[in-house]
Protein chains: 2
Amino acid sequence: MIARDQEDIDLATGLVRLSHLVQGVFARVSDRHDLTPAQARILCILAERPKGMAELAGLLGVEKAGLTGLVDRVEHRSLVERRAVPGDRRAWQVTLTGIGRQAAVTVHNEVCAELGEIVGELPPGERERLRRILARVITTHGVPPIFPAIAQRA
Amino acid sequence: MIARDQEDIDLATGLVRLSHLVQGVFARVSDRHDLTPAQARILCILAERPKGMAELAGLLGVEKAGLTGLVDRVEHRSLVERRAVPGDRRAWQVTLTGIGRQAAVTVHNEVCAELGEIVGELPPGERERLRRILARVITTHGVPPIFPAIAQRA
DNA sequence: TATTGTTATACTCTATAACTATA
DNA sequence: TATAGTTATAGAGTATAACAATA
């Protein structure tokens, strides 16, 4: 017997509320590690590889002027470093420090774990269907590599 | 033939990126109507019915102290009103004004339309499956009536 | 000239603590 | 005392505009 109330949630409503749920998980995990969501996002993006300020701004969807302060704050906490780029004295590469990478991996793992619990009550078949549908939507719409897969060696 | 790259996006990654996509839609629609996402969220919540400050704060997930300013700003723009509650002179009911309701309906419609386009390339069967899965996850986790269904008479 | 990044400024969002008024 | 809401304060995030240094 299927619960009746599940039927009157339309797709858009479901998407908005799911998004609320996911953002909540991300925010709580970030907070637990004394990071703002924006800071945690930066760390996760940089876990893929170092990036220049302009590229990082583009991935985060903020103006590069705003990124200056964001990077300043995580740099003050020794989570990232600005490294000179040989051959272009205007540019900086933002890279994770050791503890920055550790933080990125931990946040990433915990977010994955909590999201795993959220979808954990779905039957495996449904879960795999959801995964495939999401993959399709994501790739179709070219969502940037926010939250990339992270190599597990901290 | 299924595209290979859709297979190496795991569920957590898909959820985080989908959430990014949805938040982006919500932010762009809000901006188009000269609203911040927080303001648009308030309007959509109030479209269900008027609410007290404490209840509204709870739904938004912010402290009531912070809500004061949020409501101040939308009230200055004549989108909501604070109405006295008969029988409790401490309390206020925050209610949509006429133009506030119009704004809520418009934002809601446009968000639904844009999300509809995003999932529009899915075959109808997949779309319905996604809807059902989302409904199940949402109801299981008691996500509050953020983004309620809205009666269409503006 | 175009690009990379920063500074200056202003506003929104949000939290915490202390407060007022009413129940 | 407890509850509804506000004020004060501070910090984070973000946008725009103007700027410096380099390509």
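Modeller: With a definition: a salt bridge is a side-chain nitrogen of Lys or Arg within 4 Å of a carboxyl oxygen of Asp or Glu. Keep in mind that this is a predicted model.

Biologist: How many salt bridges does that rule count between chain B and chain A?

Modeller: The count between the two chains is zero. Polar contacts are a separate matter: ten residue pairs, both residues at pLDDT 80 or more, are found across the interface of chain B and chain A.

Biologist: Which helices of chain B supply at least two residues each to the side that touches chain A?

Modeller: Helix 1 (11-32), helix 5 (98-118) and helix 6 (124-140) of chain B do. That side of chain B divides into 27 nonpolar, nine polar and nine charged residues.

Biologist: What area is buried between chain B and chain A?

Modeller: About 5100 Å², with carbon and sulfur atoms giving 74% of that area. On the side of chain B, the residues losing the most area to chain A are Leu11(B), Leu15(B) and Arg17(B), together 13% of what that side buries. The contact takes 45 residues from each of chain A and chain B.

Biologist: Now the sheet. In what order do the strands of chain A lie?

Modeller: The order is 1-3-2, in an open sheet of three strands with antiparallel pairing. Strand 1 (51-52) and strand 2 (80-85) of chain A each have a single partner strand, so one side of each lacks a neighbour in the sheet.

Biologist: Which residue of strand 3 of chain A stands opposite Gly52(A)?

Modeller: Gln93(A) does. Strand 1 and strand 3 (residues 88-96) of chain A pair over two bridges.

Note on methods: Residues numbered from 1 in each chain as written. Chains lettered and ligands numbered in written order. Predicted model: local features only at pLDDT ≥ 70, side-chain atom pairs only at ≥ 80, totals over all residues. Heavy atoms only, no water. Pairing = 2+ DSSP bridges. Helix = DSSP H or I, 4+ residues; strand = E, 2+ residues; numbered from the N terminus. Contact = heavy atoms within 4.5 Å. Buried area = accessible area lost by both parts, 1.4 Å probe. Polar contact = N/O pair within 3.5 Å; in protein donor to acceptor, adjacent residues only side chain to side chain. Nonpolar A, V, L, I, M, F, W, Y, C, P; charged D, E, K, R; others polar.
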